[in-house]
Amino acid sequence: MSTGNFSGIILQPHNTPLSQLLSEHRDLLKNLNARLNGGRLYPVHPCHCLIESNLSAKELKKKLTGCRILPPKLHEGFLFRPVEVDGAQIQALSPQLFHHMLPMLSEQELENKSIPAGFIFGYVSFQHHEAIIQQGLESLSAGIKPLNLRVFRLHHIEYRYIGNQTSEQLPSSLSWTMELPHWVKINPSGNGAYHKEL
């Protein structure tokens with residue numbers, strides 16, 4: 001049995017855009033699953049977006065001046081929403097951490113893939129149906145517009161995972177804890193961000 005942990009900073013939209021985002025993801029997963037023939041679609045939980053930074057969330061929020069969540073894309077089987085943040089870079093999940101979100105994918109298999117950065121909400125086992133899935137995603141995503149976030153929050157997050165080395169044992173588990181949020185409110189005039197502590 002192996003254990004590990006990972007800490008970082010995640011970005012989460014305010015409640016209304018977060019509800020919209022999760023609703024769009026549910027609809028996409030449901031409709032894409034209906035189109036699959038011989039493939040498998042796995043929802044990914046939690047749907048987190050990591051930010052690359054050596055700063056604390058409290059310090060990082062002072063540098064952020066904008067955030068956009070782009071329409072869904074497909075990359076090497078990952079269904080995800082690219083994110084653009086002015087003032088920071090988005091960080092991809094590590095193969096080790098993603099393996100504990102979807103244990104059926106081995107760490108070795110994930111190390112050979114390019115895991116995209118952003119909100120990953122699903123994984124598709126292609127089985128030679130990539131073109132059909134791509135076309136389905138494009139048609140289903142046609143009405144999904146980019147989300148420009150005026151208000152969002154940053155959380156310091158700590159993931160803990162316990163993995164098993166053999167398939168006879170129980171599957172691996174993943175848990176996480178988050179600190180209280182650091183709220184960012186973008187100034188509509190483009191002069192940076194207001195910062196609010198809760």
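This is a predicted model: local features need pLDDT of at least 70, side-chain atom pairs count only at pLDDT 80 or more; totals for chains, interfaces and linings use all residues.
**Exercise 1.** Determine which residues of helix α1 are buried, and where they lie around the axis.

*Solution.* Begin with the extent of the helix: α1 covers residues 15-35, and its 21 residues reach 30 Å from the first C-alpha to the last, close to the 30 Å expected at 1.5 Å a residue. Next, apply the cut-off for burial, which is under 20% relative accessible area; the buried residues of α1 are then Pro17, Leu18, Leu21, Glu24, His25, Leu28, Leu29 and Leu32. These residues cover an arc of only 135° around the axis, and therefore lie on the same side of α1. Finally, turn to the other side of α1, where Thr16, Arg26, Lys30 and Ala34 are exposed.

**Exercise 2.** Describe how α1 packs against helix α5, and name the residues that meet.

*Solution.* Two packed helices are described by the angle between their axes and the distance between the axes. For α1 and α5 (residues 130-140), the angle is about 145° and the axes are 10 Å apart, while the crossing is right-handed. At the level of residues, Leu28, Asn31, Leu32 and Arg35 of α1 meet Ile132, Ile133, Gly136, Leu137, Ser139 and Leu140 of α5.

**Exercise 3.** Work out the strand order of the open sheet and identify its edge strands.

*Solution.* Three strands make up the open sheet, in the order β7-β4-β10, with antiparallel pairing. The edge strands, each pairing on one side only, are β7 (83-86) and β10 (147-148). Between β4 (residues 66-69) and β10 there are two bridges in the antiparallel sense, and Ile69 stands opposite Leu147 in β10.

Terms used:
Residues are numbered from 1 along each chain as its sequence is written. Side-chain values use heavy atoms; hydrogens and water are left out. Two strands pair if DSSP finds at least two bridges between them. Helices (H or I, at least four residues) and strands (E, at least two) are DSSP runs, numbered from the N terminus. The expected span of a helix is 1.5 Å times one less than its number of residues. Buried means under 20% relative accessible area, exposed over 50%, partly exposed in between (1.4 Å probe, protein chains only). The arc is that of the directions from the helix axis to the C-beta atoms. Axes are lines fitted to C-alpha atoms, for helices over the stretch in contact, and angles run from 0 to 180 degrees between N-to-C directions. A crossing is left-handed if the near helix is turned anticlockwise from the far one by less than a right angle, and right-handed if clockwise. Contact means heavy atoms within 4.5 Å.
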